[in-house]
Amino acid sequence: MFKKKLKKISYDLVSYIQIETEAIKDFNDKQMISSYCLHKLEVVNWYLDLLKEGSNKYIVPQSKEHLEMVRDQLMECHKKIMSTEITNPNKRPFIDIDYPDNYKG
């Protein structure tokens, strides 16, 4: 019976999500990165289930330990995403100028 080899979970996945989390500016950004993170978490959990069952249909290209580590990191990322506060655009200053620390103006 032919087994299908699944795609590897990228090593930079968690870093990418962390960087995107830092760049959240509005609710749309927050929803997009949350959805992406949850999708990847779902894939990792599926891979773990396949390893647990000993699937005859698929080959999981990463170890259980590695996938568990990625799962835990993704769960932490999602907590951070959901705790990120969004500033209401109506409450932001019209002009926001960052002056140097020693500026005497």
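Predicted model: local features only at pLDDT ≥ 70, side-chain atom pairs only at ≥ 80, totals over all residues.
Which residues are exposed on the other side of H1? The legends below take this up.

View 1. Residues are numbered from 1 along each chain as its sequence is written, and side-chain values use heavy atoms, leaving out hydrogens and water. H1 spans residues 13–22. Helices (H or I, at least four residues) and strands (E, at least two) are DSSP runs, numbered from the N terminus. Leu13, Val14, Ile17 and Thr21 of H1 are buried. They sit on the same side of H1, because they cover an arc of only 95° around the axis. The arc is taken from the directions from the helix axis to the C-beta atoms. On the other side, Ile19 and Glu22 are exposed. Buried means under 20% relative accessible area, exposed over 50%, partly exposed in between (1.4 Å probe, protein chains only). The cover over the buried residues of H1 includes helix H2 (27–53) and helix H3 (64–83).

**View 2. Ile9 in its loop.** Ile9 lies between strand E1 (4–5) and H1. Its relative accessible area is 7%, so Ile9 is buried. Leaving aside neighbours within four places in sequence, its contacts (heavy atoms within 4.5 Å) include Val43, Tyr47 and Val70. Ile9 and Val70 are 61 residues apart in sequence, but 8.7 Å apart in space, C-alpha to C-alpha.

**View 3. Val44 and its partners.** Not counting residues up to four places away in sequence, Val44 touches Ile9, Leu67, Val70, Arg71 and Leu74.
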